[in-house]
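Here is a short report on a protein model and its ligand. Look at the structure first, then read on.

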Amino acid sequence: MKTPFITKEQAEEIISKYPTPFHIYDEKGIRENARKLYKAFSWNKGFREYFAVKATPNPFILKILQEEGCGVDCSSLTELMMSECCGFSGSDIMFSSNVTPKEDMLKAKELGAYINLDDFTHIEFLDKLCGLPETVCCRFNPGGHFEIETQIMDNPGEAKYGFTREQLFEGFKILKAKGVKHFGIHAFLASNTVSNAYYPKLARILFELAVELREKTGADISFINLSGGVGIAYEPDKPQNDILAIGEGVHRAFDEILAPAGMGDVAIFTELGRYMLAPYGHLVTKCVHQKHIYKEYIGVDACACNLMRPAMYGSYHHITVLGKENAACDHKYDVTGGLCENNDKFAIDRMLPEIDNGDILVIHDTGAHGFSMGYNYNGKLRSAELLLKEDGSVQMIRRAETPADYFRTFDFCDIMDKYLK
Ligand SMILES: *Cc1c(COP(=O)(O)O)cnc(C)c1O
(Lines give C-alpha, C1' and ligand atoms only; values in the text may rest on other atoms or scores of the structure.)
Protein backbone atom coordinates (compact mmCIF):
# COMPACT_ATOMS: atom_id res chain seq x y z
CA MET A 1 0.00 0.00 0.00
CA LYS A 2 1.14 3.51 -0.75
CA THR A 3 -0.87 6.23 0.97
CA PRO A 4 -0.51 9.86 -0.08
CA PHE A 5 0.53 12.30 2.64
CA ILE A 6 -2.21 14.70 1.54
CA THR A 7 -5.96 14.09 1.38
CA LYS A 8 -8.30 15.15 -1.40
CA GLU A 9 -9.60 18.02 0.75
CA GLN A 10 -6.08 19.24 1.48
CA ALA A 11 -5.15 18.95 -2.19
CA GLU A 12 -8.20 20.98 -3.28
CA GLU A 13 -7.34 23.73 -0.84
CA ILE A 14 -3.71 23.81 -2.02
CA ILE A 15 -4.78 23.83 -5.67
CA SER A 16 -7.05 26.84 -5.09
CA LYS A 17 -3.84 28.78 -4.41
CA TYR A 18 -1.22 26.89 -6.43
CA PRO A 19 -2.55 25.40 -9.67
CA THR A 20 -1.48 21.92 -10.79
CA PRO A 21 0.92 20.49 -11.64
CA PHE A 22 3.27 20.90 -8.66
CA HIS A 23 5.67 18.91 -6.56
CA ILE A 24 4.95 18.85 -2.84
CA TYR A 25 7.29 17.60 -0.09
CA ASP A 26 6.45 16.29 3.36
CA GLU A 27 8.66 17.97 5.98
CA LYS A 28 7.64 15.60 8.75
CA GLY A 29 8.51 12.52 6.70
CA ILE A 30 11.87 13.99 5.65
CA ARG A 31 12.86 14.80 9.23
CA GLU A 32 11.74 11.47 10.71
CA ASN A 33 13.60 9.54 8.03
CA ALA A 34 16.79 11.56 8.51
CA ARG A 35 16.65 10.93 12.27
CA LYS A 36 16.25 7.21 11.65
CA LEU A 37 19.33 7.20 9.41
CA TYR A 38 21.38 8.94 12.11
CA LYS A 39 20.09 6.42 14.65
CA ALA A 40 21.11 3.52 12.39
CA PHE A 41 24.71 4.82 12.29
CA SER A 42 24.90 6.25 15.82
CA TRP A 43 27.50 3.59 16.68
CA ASN A 44 30.01 5.48 14.49
CA LYS A 45 31.34 8.61 16.14
CA GLY A 46 32.05 10.58 12.99
CA PHE A 47 29.04 9.47 10.95
CA ARG A 48 27.60 12.03 8.59
CA GLU A 49 25.10 12.02 5.74
CA TYR A 50 26.02 14.32 2.85
CA PHE A 51 22.73 14.73 1.02
CA ALA A 52 23.17 14.36 -2.75
CA VAL A 53 22.00 17.83 -3.81
CA LYS A 54 21.27 16.72 -7.38
CA ALA A 55 18.34 14.64 -6.10
CA THR A 56 16.38 17.69 -4.86
CA PRO A 57 18.30 20.93 -5.37
CA ASN A 58 16.12 23.30 -3.36
CA PRO A 59 17.58 25.52 -0.62
CA PHE A 60 14.54 25.03 1.63
CA ILE A 61 15.01 21.26 1.50
CA LEU A 62 18.77 21.64 2.11
CA LYS A 63 17.99 23.79 5.17
CA ILE A 64 15.74 21.11 6.65
CA LEU A 65 18.44 18.48 6.20
CA GLN A 66 21.04 20.87 7.61
CA GLU A 67 18.92 21.19 10.76
CA GLU A 68 18.96 17.39 10.98
CA GLY A 69 22.76 17.41 10.93
CA CYS A 70 23.37 16.59 7.28
CA GLY A 71 26.04 17.99 5.03
CA VAL A 72 25.75 18.18 1.24
CA ASP A 73 27.23 16.22 -1.62
CA CYS A 74 27.74 18.52 -4.61
CA SER A 75 28.80 17.69 -8.14
CA SER A 76 28.73 21.04 -9.91
CA LEU A 77 29.44 24.74 -9.52
CA THR A 78 25.79 25.72 -9.08
CA GLU A 79 25.20 23.02 -6.47
CA LEU A 80 28.21 24.38 -4.60
CA MET A 81 26.82 27.93 -4.89
CA MET A 82 23.41 26.87 -3.56
CA SER A 83 25.03 25.03 -0.66
CA GLU A 84 27.22 28.03 0.11
CA CYS A 85 24.12 30.26 0.30
CA CYS A 86 22.50 27.79 2.70
CA GLY A 87 25.48 28.15 5.03
CA PHE A 88 27.33 24.93 4.26
CA SER A 89 31.11 25.24 4.21
CA GLY A 90 34.31 23.29 4.79
CA SER A 91 33.69 19.76 6.03
CA ASP A 92 29.91 20.22 5.52
CA ILE A 93 30.52 19.76 1.81
CA MET A 94 31.59 16.69 -0.13
CA PHE A 95 32.47 17.49 -3.73
CA SER A 96 31.96 14.27 -5.71
CA SER A 97 32.07 15.22 -9.35
CA ASN A 98 33.44 13.75 -12.55
CA VAL A 99 34.75 15.32 -15.75
CA THR A 100 35.21 18.29 -13.45
CA PRO A 101 35.56 21.77 -14.96
CA LYS A 102 38.25 24.08 -13.53
CA GLU A 103 35.75 26.61 -12.13
CA ASP A 104 33.92 23.89 -10.21
CA MET A 105 37.13 22.56 -8.68
CA LEU A 106 38.24 26.08 -7.73
CA LYS A 107 34.92 26.78 -6.01
CA ALA A 108 35.11 23.52 -4.05
CA LYS A 109 38.64 24.38 -2.93
CA GLU A 110 37.58 27.93 -2.02
CA LEU A 111 34.75 26.60 0.15
CA GLY A 112 37.12 24.14 1.84
CA ALA A 113 34.99 21.18 0.75
CA TYR A 114 36.20 17.60 0.89
CA ILE A 115 37.28 16.99 -2.69
CA ASN A 116 36.54 13.49 -3.96
CA LEU A 117 38.74 12.85 -7.01
CA ASP A 118 37.11 10.78 -9.72
CA ASP A 119 40.29 10.01 -11.64
CA PHE A 120 44.03 9.45 -11.32
CA THR A 121 44.75 12.35 -13.70
CA HIS A 122 42.79 14.69 -11.42
CA ILE A 123 45.60 14.57 -8.87
CA GLU A 124 47.82 16.58 -11.17
CA PHE A 125 44.86 18.62 -12.44
CA LEU A 126 43.96 19.75 -8.92
CA ASP A 127 47.57 20.23 -7.83
CA LYS A 128 48.40 22.46 -10.82
CA LEU A 129 45.11 24.36 -10.62
CA CYS A 130 45.14 25.42 -6.99
CA GLY A 131 47.28 23.07 -4.93
CA LEU A 132 46.20 20.01 -2.98
CA PRO A 133 44.16 20.39 0.21
CA GLU A 134 45.16 18.68 3.44
CA THR A 135 42.51 15.99 3.00
CA VAL A 136 41.77 14.24 -0.30
CA CYS A 137 39.22 11.55 -1.08
CA CYS A 138 39.52 9.17 -4.04
CA ARG A 139 36.73 7.29 -5.76
CA PHE A 140 37.27 3.56 -6.27
CA ASN A 141 35.96 1.43 -9.14
CA PRO A 142 36.68 -2.29 -8.68
CA GLY A 143 35.55 -3.14 -12.24
CA GLY A 144 33.63 -6.34 -13.05
CA HIS A 145 30.17 -6.98 -11.70
CA PHE A 146 28.88 -6.10 -8.28
CA GLU A 147 27.12 -9.14 -6.89
CA ILE A 148 25.26 -9.99 -3.72
CA GLU A 149 24.91 -13.74 -3.24
CA THR A 150 25.48 -14.43 -6.96
CA GLN A 151 22.86 -11.89 -7.97
CA ILE A 152 24.28 -9.15 -10.20
CA MET A 153 23.31 -5.78 -8.73
CA ASP A 154 25.19 -3.53 -11.15
CA ASN A 155 28.10 -3.34 -13.55
CA PRO A 156 31.00 -1.15 -12.28
CA GLY A 157 33.24 -2.43 -15.10
CA GLU A 158 31.05 -0.50 -17.54
CA ALA A 159 30.83 2.62 -15.37
CA LYS A 160 32.86 5.75 -16.14
CA TYR A 161 33.59 6.56 -12.50
CA GLY A 162 36.57 6.14 -10.24
CA PHE A 163 40.16 4.89 -10.04
CA THR A 164 41.18 1.29 -10.74
CA ARG A 165 42.70 -0.57 -7.82
CA GLU A 166 46.26 -0.07 -9.11
CA GLN A 167 45.65 3.63 -9.73
CA LEU A 168 44.33 4.03 -6.19
CA PHE A 169 47.49 2.61 -4.57
CA GLU A 170 49.71 4.65 -6.87
CA GLY A 171 47.55 7.75 -6.37
CA PHE A 172 47.72 7.52 -2.58
CA LYS A 173 51.52 7.29 -2.73
CA ILE A 174 51.74 10.36 -4.97
CA LEU A 175 49.29 12.36 -2.85
CA LYS A 176 51.18 11.46 0.28
CA ALA A 177 54.49 12.47 -1.27
CA LYS A 178 52.90 15.79 -2.21
CA GLY A 179 52.00 16.44 1.40
CA VAL A 180 48.36 15.32 1.69
CA LYS A 181 47.79 14.41 5.35
CA HIS A 182 44.39 12.74 5.50
CA PHE A 183 42.51 10.49 3.11
CA GLY A 184 39.02 9.33 2.30
CA ILE A 185 37.82 6.55 0.03
CA HIS A 186 34.53 6.46 -1.81
CA ALA A 187 32.64 4.07 -4.07
CA PHE A 188 29.18 3.93 -5.62
CA LEU A 189 28.75 0.42 -7.04
CA ALA A 190 25.00 -0.09 -7.46
CA SER A 191 22.06 2.26 -7.90
CA ASN A 192 18.62 2.11 -6.27
CA THR A 193 19.32 -1.11 -4.38
CA VAL A 194 16.41 -2.51 -2.44
CA SER A 195 18.46 -4.91 -0.32
CA ASN A 196 19.71 -4.60 3.23
CA ALA A 197 22.91 -6.29 2.01
CA TYR A 198 24.16 -3.54 -0.33
CA TYR A 199 25.84 -1.15 2.12
CA PRO A 200 27.29 -3.95 4.29
CA LYS A 201 28.80 -5.63 1.20
CA LEU A 202 30.18 -2.34 -0.13
CA ALA A 203 31.49 -1.52 3.36
CA ARG A 204 33.41 -4.81 3.50
CA ILE A 205 35.06 -4.07 0.16
CA LEU A 206 36.03 -0.54 1.20
CA PHE A 207 37.11 -1.50 4.74
CA GLU A 208 39.44 -4.22 3.44
CA LEU A 209 40.78 -1.81 0.86
CA ALA A 210 41.34 0.83 3.54
CA VAL A 211 43.35 -1.56 5.70
CA GLU A 212 45.50 -2.54 2.73
CA LEU A 213 45.96 1.07 1.59
CA ARG A 214 47.15 2.06 5.03
CA GLU A 215 49.55 -0.88 5.23
CA LYS A 216 51.04 -0.34 1.77
CA THR A 217 51.09 3.46 1.58
CA GLY A 218 51.05 4.58 5.21
CA ALA A 219 48.09 6.85 4.44
CA ASP A 220 45.97 8.08 7.33
CA ILE A 221 42.43 7.22 6.31
CA SER A 222 39.99 9.42 8.16
CA PHE A 223 36.71 8.58 6.44
CA ILE A 224 35.03 6.03 4.23
CA ASN A 225 32.21 7.31 2.05
CA LEU A 226 29.59 4.70 1.13
CA SER A 227 28.00 7.21 -1.26
CA GLY A 228 24.40 6.77 -2.48
CA GLY A 229 22.60 3.79 -3.92
CA VAL A 230 20.36 2.74 -1.04
CA GLY A 231 17.04 2.78 -2.85
CA ILE A 232 13.34 2.62 -2.24
CA ALA A 233 10.67 0.26 -3.50
CA TYR A 234 8.58 2.25 -5.95
CA GLU A 235 6.03 -0.57 -6.24
CA PRO A 236 3.40 -0.67 -3.51
CA ASP A 237 3.68 -4.40 -2.73
CA LYS A 238 7.48 -4.68 -2.38
CA PRO A 239 9.27 -4.54 0.98
CA GLN A 240 11.26 -1.40 1.77
CA ASN A 241 14.87 -1.24 2.95
CA ASP A 242 15.34 -1.44 6.70
CA ILE A 243 17.88 1.27 7.49
CA LEU A 244 18.44 0.01 11.04
CA ALA A 245 19.39 -3.43 9.67
CA ILE A 246 21.62 -1.75 7.06
CA GLY A 247 23.40 0.30 9.74
CA GLU A 248 23.85 -2.84 11.86
CA GLY A 249 25.31 -4.72 8.85
CA VAL A 250 27.87 -1.96 8.30
CA HIS A 251 28.60 -1.94 12.06
CA ARG A 252 29.39 -5.67 11.98
CA ALA A 253 31.77 -5.24 9.03
CA PHE A 254 33.41 -2.31 10.85
CA ASP A 255 33.95 -4.38 14.01
CA GLU A 256 35.30 -7.33 12.04
CA ILE A 257 37.66 -5.48 9.70
CA LEU A 258 38.49 -1.91 10.71
CA ALA A 259 38.46 -2.06 14.51
CA PRO A 260 40.91 -5.02 14.74
CA ALA A 261 43.25 -3.17 12.34
CA GLY A 262 43.40 -0.26 14.78
CA MET A 263 41.19 1.86 12.53
CA GLY A 264 38.22 2.13 14.88
CA ASP A 265 38.18 5.92 14.63
CA VAL A 266 37.41 6.03 10.89
CA ALA A 267 34.25 8.03 10.17
CA ILE A 268 31.53 6.61 7.95
CA PHE A 269 29.94 8.99 5.48
CA THR A 270 26.94 8.49 3.20
CA GLU A 271 25.77 10.51 0.20
CA LEU A 272 22.17 9.40 -0.05
CA GLY A 273 19.76 11.22 -2.30
CA ARG A 274 16.89 8.93 -3.23
CA TYR A 275 16.63 7.32 0.19
CA MET A 276 16.43 10.73 1.90
CA LEU A 277 13.77 12.33 -0.27
CA ALA A 278 12.03 10.11 -2.82
CA PRO A 279 9.11 8.87 -0.68
CA TYR A 280 8.48 12.36 0.71
CA GLY A 281 7.57 13.99 -2.58
CA HIS A 282 4.42 13.81 -4.70
CA LEU A 283 3.80 15.16 -8.16
CA VAL A 284 0.20 16.38 -8.04
CA THR A 285 -1.62 16.66 -11.35
CA LYS A 286 -5.15 16.87 -12.72
CA CYS A 287 -6.89 14.80 -15.36
CA VAL A 288 -7.67 17.27 -18.15
CA HIS A 289 -8.63 14.97 -21.03
CA GLN A 290 -9.68 11.42 -21.74
CA LYS A 291 -9.18 9.71 -25.03
CA HIS A 292 -10.62 6.45 -26.30
CA ILE A 293 -8.87 4.97 -29.36
CA TYR A 294 -7.11 1.61 -29.47
CA LYS A 295 -6.35 2.10 -25.82
CA GLU A 296 -7.82 4.20 -23.01
CA TYR A 297 -5.81 7.36 -22.28
CA ILE A 298 -5.91 9.71 -19.32
CA GLY A 299 -4.33 13.06 -20.21
CA VAL A 300 -2.94 14.99 -17.24
CA ASP A 301 -1.54 18.50 -16.88
CA ALA A 302 1.92 17.23 -15.84
CA CYS A 303 4.31 15.73 -18.37
CA ALA A 304 7.73 14.11 -18.56
CA CYS A 305 9.25 17.60 -18.15
CA ASN A 306 8.04 17.44 -14.55
CA LEU A 307 9.07 13.81 -13.97
CA MET A 308 11.37 12.18 -16.46
CA ARG A 309 11.99 8.81 -14.85
CA PRO A 310 9.15 6.83 -16.47
CA ALA A 311 10.02 8.18 -19.94
CA MET A 312 13.76 7.75 -19.44
CA TYR A 313 14.00 4.41 -17.65
CA GLY A 314 10.48 2.99 -17.83
CA SER A 315 10.34 3.45 -14.06
CA TYR A 316 7.24 2.54 -12.10
CA HIS A 317 5.65 5.34 -10.08
CA HIS A 318 2.55 4.46 -8.12
CA ILE A 319 -0.54 6.60 -8.76
CA THR A 320 -3.40 7.36 -6.38
CA VAL A 321 -6.60 9.03 -7.57
CA LEU A 322 -7.53 11.25 -4.63
CA GLY A 323 -10.97 10.55 -3.19
CA LYS A 324 -11.05 7.18 -4.94
CA GLU A 325 -8.54 5.43 -2.68
CA ASN A 326 -11.00 2.65 -1.91
CA ALA A 327 -12.65 2.34 -5.32
CA ALA A 328 -12.07 -0.81 -7.37
CA CYS A 329 -9.12 -0.60 -9.78
CA ASP A 330 -11.15 -1.96 -12.68
CA HIS A 331 -10.06 0.37 -15.51
CA LYS A 332 -6.91 -0.10 -17.55
CA TYR A 333 -5.32 3.21 -18.55
CA ASP A 334 -2.24 4.80 -20.03
CA VAL A 335 -1.68 8.01 -18.05
CA THR A 336 0.02 10.52 -20.33
CA GLY A 337 1.42 14.02 -20.46
CA GLY A 338 1.16 16.33 -23.45
CA LEU A 339 4.65 16.20 -24.95
CA CYS A 340 5.01 15.38 -28.63
CA GLU A 341 6.87 12.24 -27.61
CA ASN A 342 5.12 8.92 -27.29
CA ASN A 343 7.22 7.98 -24.25
CA ASP A 344 5.55 10.77 -22.25
CA LYS A 345 3.57 8.30 -20.14
CA PHE A 346 3.48 8.14 -16.36
CA ALA A 347 1.87 4.71 -16.49
CA ILE A 348 1.11 2.12 -19.15
CA ASP A 349 -1.69 -0.45 -18.82
CA ARG A 350 -2.20 0.62 -15.21
CA MET A 351 -5.28 -0.66 -13.38
CA LEU A 352 -6.91 2.35 -11.72
CA PRO A 353 -10.37 3.42 -10.57
CA GLU A 354 -12.53 5.06 -13.24
CA ILE A 355 -11.09 8.55 -13.75
CA ASP A 356 -13.13 11.67 -14.55
CA ASN A 357 -11.93 15.01 -15.87
CA GLY A 358 -10.89 17.17 -12.92
CA ASP A 359 -9.80 14.22 -10.77
CA ILE A 360 -6.59 14.87 -8.85
CA LEU A 361 -3.85 12.30 -9.27
CA VAL A 362 -0.93 11.86 -6.89
CA ILE A 363 2.17 10.40 -8.49
CA HIS A 364 4.20 8.90 -5.65
CA ASP A 365 7.88 8.87 -4.75
CA THR A 366 8.88 11.91 -6.78
CA GLY A 367 10.86 13.64 -4.02
CA ALA A 368 14.26 12.70 -5.48
CA HIS A 369 15.39 12.81 -9.11
CA GLY A 370 11.92 14.19 -9.91
CA PHE A 371 11.71 17.95 -10.29
CA SER A 372 15.51 18.06 -10.61
CA MET A 373 15.58 16.08 -13.84
CA GLY A 374 13.04 18.49 -15.31
CA TYR A 375 13.50 20.17 -18.64
CA ASN A 376 11.72 22.52 -21.02
CA TYR A 377 11.01 20.41 -24.09
CA ASN A 378 7.99 21.55 -26.11
CA GLY A 379 8.28 24.87 -24.28
CA LYS A 380 6.79 23.30 -21.16
CA LEU A 381 7.49 25.25 -18.00
CA ARG A 382 8.84 23.91 -14.74
CA SER A 383 6.27 23.60 -11.96
CA ALA A 384 6.25 25.06 -8.48
CA GLU A 385 7.64 23.14 -5.50
CA LEU A 386 5.66 23.28 -2.27
CA LEU A 387 6.42 22.19 1.27
CA LEU A 388 3.83 20.62 3.55
CA LYS A 389 5.15 21.83 6.89
CA GLU A 390 4.94 19.96 10.15
CA ASP A 391 2.09 22.20 11.35
CA GLY A 392 0.03 21.30 8.26
CA SER A 393 0.51 24.63 6.49
CA VAL A 394 1.86 24.82 2.95
CA GLN A 395 4.81 26.98 1.92
CA MET A 396 5.86 27.68 -1.65
CA ILE A 397 9.57 26.82 -1.86
CA ARG A 398 9.95 27.46 -5.60
CA ARG A 399 7.53 29.37 -7.79
CA ALA A 400 6.39 27.95 -11.09
CA GLU A 401 8.27 29.12 -14.17
CA THR A 402 6.62 31.77 -16.33
CA PRO A 403 7.03 32.28 -20.07
CA ALA A 404 9.38 35.17 -19.21
CA ASP A 405 11.69 32.70 -17.45
CA TYR A 406 11.64 30.49 -20.50
CA PHE A 407 12.56 33.41 -22.78
CA ARG A 408 15.12 34.91 -20.34
CA THR A 409 18.13 33.71 -22.34
CA PHE A 410 17.06 35.98 -25.22
CA ASP A 411 17.45 39.06 -23.02
CA PHE A 412 20.59 40.06 -24.99
CA CYS A 413 18.31 41.15 -27.87
CA ASP A 414 14.83 42.66 -28.21
CA ILE A 415 13.00 40.04 -30.28
CA MET A 416 11.16 38.49 -27.32
CA ASP A 417 10.74 41.71 -25.33
CA LYS A 418 6.96 41.52 -25.52
CA TYR A 419 7.09 38.42 -23.29
CA LEU A 420 10.13 39.22 -21.19
CA LYS A 421 8.41 41.60 -18.79
C1 LIG B 1 23.69 10.33 -7.64
C2 LIG B 1 24.76 10.27 -6.62
C3 LIG B 1 24.46 10.07 -5.28
C4 LIG B 1 23.05 9.85 -4.78
O5 LIG B 1 22.53 8.69 -5.30
P6 LIG B 1 21.11 8.14 -4.80
O7 LIG B 1 20.92 6.92 -5.62
O8 LIG B 1 20.12 9.19 -5.04
O9 LIG B 1 21.26 7.83 -3.35
C10 LIG B 1 25.49 10.09 -4.36
N11 LIG B 1 26.77 10.27 -4.76
C12 LIG B 1 27.11 10.45 -6.04
C13 LIG B 1 28.53 10.67 -6.38
C14 LIG B 1 26.12 10.44 -7.01
O15 LIG B 1 26.44 10.61 -8.29
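Proline 21 sits in the loop that runs between α1 (8-17) and β1 (22-26). Helices (H or I, at least four residues) and strands (E, at least two) are DSSP runs, numbered from the N terminus. This is a predicted model, in which local features need pLDDT of at least 70 and side-chain atom pairs count only at pLDDT 80 or more, while totals for chains, interfaces and linings use all residues. Residues are numbered from 1 along each chain as its sequence is written, and side-chain values use heavy atoms, with hydrogens and water left out.

**Backbone**

Threonine 20 and proline 21 are joined by a cis peptide bond, with omega at about -5 degrees. Aspartate 349 is not a glycine, yet has a positive phi of about 50 degrees. Aspartate 349 belongs to strand β16 (residues 345-352). Most residues other than glycine have a negative phi, and most peptide bonds are trans.

**Ligand**

Which residues come closest to the ligand? They are Lys54, Glu271, Gly273, Arg274 and His369, out of 14 that surround it.

| Residue | Protein atom | Ligand atom | Distance |
|---|---|---|---|
| Serine 227 | polar side-chain atom | nitrogen | 3.2 Å |
| Glycine 273 | backbone N or O | oxygen | 3.0 Å |
| Histidine 369 | polar side-chain atom | oxygen | 2.8 Å |

On its own, the ligand has 390 Å² of accessible area (Shrake-Rupley method, 1.4 Å probe), and the protein covers 91% of that.

**Pocket**

The ligand takes up the space of the largest pocket. A pocket is an open set of points, on a 1 Å grid over the protein atoms alone, where a 1.4 Å probe fits, with protein on both sides within 12 Å along at least five of seven lines; lining residues have an atom within 4 Å of a point. The largest pocket holds about 970 Å³ of space, the volume filled by probe spheres set on the points. Its lining has 38 residues, with Lys54, Arg139, Tyr161, Phe188 and Ser191 nearest the centre. β3 (71-74), α10 (274-277) and α11 (309-313) each give two or more residues to this lining.

How values were computed: A residue is near a molecule or strand if one of its heavy atoms lies within 4 Å of it. A polar contact is a pair of N or O atoms within 3.5 Å; within protein, one must be able to donate a hydrogen and the other to accept it, and residues adjacent in sequence count only if both atoms are side-chain atoms. A molecule sits in a cavity or pocket if more than half of its atoms lie within 2 Å of its grid points.
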